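Me: Could you take me through this protein model? I am new to reading structures and would like to start with the overall picture.

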Amino acid sequence: MQFGRYFEEFEVGAVYKHWPGKTVTEYDDHLFCLLTMNHHPLHLDAHYAGETTDFGKNVVVGNYIYSLLLGMSVPDVSGKAIANLEVESLKHVKPTFHGDTIYGETEVLEKTPSKSKDDRGVVYVETRGYKQDGTIVCVFRRKVMVPKRSYGEARGGEQPGRPVPHE
């Protein structure tokens, strides 16, 4: 099973559909809020959200959805990355609620060989996240520095650093 891609394997226009999706639970949302110290009542207080917001219920914190989609994309996009260089844009398009299932896909927009080192390049991608009904909830664009095959082969191939078992 492939984990990430070398620069040569990316094709402009390709769309990678990340699998599986993830159903967001109240626990996921609250834990992420607590870990990141985001104590906004929209995310944590059901009474507040139900009584004082247009949504009528808790909204999942947007940065959890972004982080979830970023993680989903790793096996397809950045599993071999040398560096994540930039998040150019991040748009939370629609709200996500407890019980929604998030799916993601990433499109390759551009790829550029490095001008300073011939063993790598930069891939520019857009990741889209959507709910079980197809509603897009989050879109972000980023640039990732990925190695060429020669870089990977010089550092151990497909599973660099993996030890050889012995007795």
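This is a predicted model: local features need pLDDT of at least 70, side-chain atom pairs count only at pLDDT 80 or more; totals for chains, interfaces and linings use all residues.

The conversation below goes from the overall layout to single residues.

Me: In what order do the elements run?
Reply: Starting at the N terminus, the order is β-α-α-α-α-β-β-β-β-α.

Me: What does the C-alpha trace span?
Reply: Along its principal axes, the C-alpha trace spans about 60 × 45 × 25 Å.

Me: How many of the residues count as buried?
Reply: The protein has 167 residues, and 40% of them count as buried. The accessible surface comes to about 9700 Å². Carbon and sulfur atoms account for 53% of that surface.

Me: And the contacts, what part of them joins residues 24 or more positions apart?
Reply: Among contacts with a separation of 6 or more, 71% are between residues 24 or more positions apart.

Me: Now the inside. Which residues have the most contacts in the largest nonpolar core?
Reply: That core has 15 residues, and those with the most contacts inside it are V24, Y64, I65, L68, L69, I102 and C138. Helix 1 (26-35), helix 4 (62-78) and strand 5 (136-147) each give two or more residues to this core. The largest share, six residues, comes from helix 4.

Me: Why would such residues gather inside?
Reply: In soluble globular proteins, nonpolar side chains tend to be buried together.

Me: What else is there besides that core?
Reply: There is a second, separate core of ten residues, which includes Y16, V123, V125 and V144.

Me: Back to Y64. What does it touch?
Reply: Leaving out residues up to four places away in sequence, Y64 touches K22, V24, D28 and F32.

Me: How are the rings of F32 and Y64 placed?
Reply: F32 and Y64 form a tilted aromatic pair, with 5.4 Å centre to centre and 55 degrees between the planes. The pair links distant parts of the chain, with F32 in helix 1 and Y64 in helix 4, 32 residues apart.

Me: Are those two buried or exposed?
Reply: F32 is buried, and Y64 is buried as well.

Me: How many aromatic pairs does the structure hold, and which one is stacked?
Reply: The structure holds six aromatic pairs. One of the pairs is formed by Y103 and Y130, and this pair is stacked, at 6.3 Å centre to centre with 25 degrees between the planes. Y103 lies in strand 3 (residues 101-113) and Y130 in strand 4 (residues 120-130), so the pair ties together parts that are 27 residues apart in sequence.

Me: Why does Y103 count as partly exposed?
Reply: Y103 has a relative accessible area of 24%. Buried would require under 20% and exposed over 50%, so a value in between counts as partly exposed.

Me: Which residues are in a cluster with Y103?
Reply: Ring pairs link W19, Y103 and Y130 into a cluster.

Me: Changing topic to helix 1. Which of its residues are buried, and what covers them?
Reply: The buried residues of helix 1 are D28, D29, H30, F32 and C33. Their cover includes strand 1 (15-23), helix 2 (41-44) and helix 4.

Me: What comes after helix 1?
Reply: Helix 1 is followed by M37, which lies in the loop between helix 1 and helix 2. Phi of M37 is near 60 degrees, a positive value in a residue other than glycine. In general, most residues other than glycine have a negative phi.

Me: Is M37 buried or exposed?
Reply: M37 counts as exposed, because its relative accessibility is 65% and the cut-off for exposed is over 50%.

Me: One more residue. Where is E9, and what is it in contact with?
Reply: E9 lies in the segment before strand 1. Apart from its neighbours within four places in sequence, E9 is in contact with Q2, Y16 and R149. E9 and R149 are 140 residues apart in sequence and 9.0 Å apart in space, C-alpha to C-alpha. E9 counts as partly exposed, at 27% relative accessibility.

Me: Finally, how far apart are the mean positions of the charges?
Reply: The mean positions of the 20 positive and 23 negative charges are 6 Å apart.

Definitions and conventions:
Residues are numbered from 1 along each chain as its sequence is written. Side-chain values use heavy atoms; hydrogens and water are left out. A nonpolar core is a set of buried Ala, Val, Leu, Ile, Met, Phe, Trp, Tyr and Cys residues joined through side-chain atoms within 4.5 Å. Buried means under 20% relative accessible area, exposed over 50%, partly exposed in between (1.4 Å probe, protein chains only). Helices (H or I, at least four residues) and strands (E, at least two) are DSSP runs, numbered from the N terminus. Contact means heavy atoms within 4.5 Å. Accessible areas come from the Shrake-Rupley method with a 1.4 Å probe; for residues, only the protein chains shown count as cover. Lys and Arg count as positive and Asp and Glu as negative; His and the chain ends are not counted. The place of a charge is taken as NZ of Lys, CZ of Arg, CG of Asp or CD of Glu. Rings of Phe, Tyr and Trp (its six-membered ring) pair if their centres lie within 6.5 Å; planes under 30 degrees apart count as stacked, over 60 as edge-to-face and the rest as tilted.
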